Amino acid sequence: MELLSLLLLLGVAIHWLNTQGQRQRTALLAEHLRPYQIEKHMAQLTEAYMRALGEPEAARQQQILQLQETAEQQLAEEFKALATDFGRLAAPQTRGFKIALPFIDQLSPKATFDMRRLLVVHAQGIGRAIALTPASAKERSFRIMAEMFLMQHSCHWFCKSRTIASARMLRQHQTSYEQALHAVSPETREAYLAVLAS
């Protein structure tokens, strides 16, 4: 019985420490996101791309997409600025946990990832996707959405956990983590996986 009580107490302590760490990381990222309208641009672009992709007429589809050029440029510029701003922070507070255990960063740095580097990867990926002129507007729209969704997944993973981030993306965008990772550019995917492996 004492062992069961000890395990229960340990579980409660781990949960409490995890929650505290998640709050700190969420507050840190929110503070750096505050000056930007990244979420607003992402919501606008996602809605517009979905509307355009649902249009049967190519001319109407193109018209909707052309109206998004300003929001696309603003998203790319603001995300690049966010990555630069966040990159100025010290390493310990910018580490996300691959495994949701308190103090795992002190036991094994390999069990964490550097959110500063991940934001740079996403800034480059979003910028590249927006600058891309592929064979079809549909392909370009899908690529930009994949880059945005994977970036959003990284932010949720940093703040909470990979499991929660994947569940949110599936619920919000009907897109799995694997689908988003497969749909981003090969350059983004390679750089992203390299950050997670380091």
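Student: Where is Gln 174 found?

Tutor: Gln 174 is in the loop between helix H8 (162-173) and helix H9. Before we zoom in, some ground rules: this is a predicted model, where local features need pLDDT of at least 70 and side-chain atom pairs count only at pLDDT 80 or more, while totals for chains, interfaces and linings use all residues. Residues are numbered from 1 along each chain as its sequence is written, and side-chain values use heavy atoms, leaving out hydrogens and water. Helices (DSSP runs of H or I, at least four residues) and strands (runs of E, at least two) are numbered from the N terminus. The chain has ten helices and two strands, in the order α-α-α-α-β-α-β-α-α-α-α-α.

Most residues other than glycine have a negative phi. Gln 174 has a phi near 55°, a positive value in a residue that isn't glycine. Gln 174 is also exposed, because its relative accessible area is 60%; exposed means over 50%, buried under 20%, and partly exposed in between, using a 1.4 Å probe and protein chains only. Across the chain, buried residues make up 43% of the 198 residues.

A search of the whole structure finds three aromatic pairs. Rings of Phe, Tyr and Trp (its six-membered ring) pair if their centres lie within 6.5 Å; planes under 30 degrees apart are stacked, over 60 edge-to-face, and the rest tilted. Phe 86 and Phe 158 are edge-to-face, because their planes sit at 85°, with the ring centres 6.0 Å apart. This pair links distant parts of the chain, with Phe 86 in helix H4 and Phe 158 in helix H7 (residues 137-159), 72 residues apart. Phe 86 is buried, at 0% relative accessible area, and Phe 158 counts as buried at 0% too.

Tyr 177 and Tyr 192 make a tilted pair, 6.5 Å centre to centre with 55° between the planes. Here Tyr 177 belongs to helix H9 (residues 177-183) and Tyr 192 to helix H10 (residues 186-197), 15 residues apart. Tyr 177 counts as buried because its relative accessibility is 6%, and Tyr 192 is buried at 0%.

Let's go back to helix H7, where you'll also find Met 145. Met 145 is buried at 4% relative accessibility. Leaving aside residues up to four places away in sequence, Met 145 touches Thr 46, Tyr 49, Met 50 and Leu 53, where contact means heavy atoms within 4.5 Å. The C-alpha atoms of Met 145 and Ala 129, 16 residues apart along the chain, are 9.1 Å from each other.

One last stop is a helix pair: H2 (residues 38-53) packs with H4 (residues 69-86) at about 145°, with their axes 9 Å apart. Axes are lines fitted to C-alpha atoms, for helices over the stretch in contact, and angles run from 0 to 180 degrees between N-to-C directions. On the H2 side, the contact includes Ile 38, Met 42 and Tyr 49, while H4 brings residues including Leu 75, Phe 79 and Leu 82. Altogether, the residues of this contact divide into eight nonpolar, three polar and two charged. Ala, Val, Leu, Ile, Met, Phe, Trp, Tyr, Cys and Pro count as nonpolar, Asp, Glu, Lys and Arg as charged, and the others, Gly among them, as polar.
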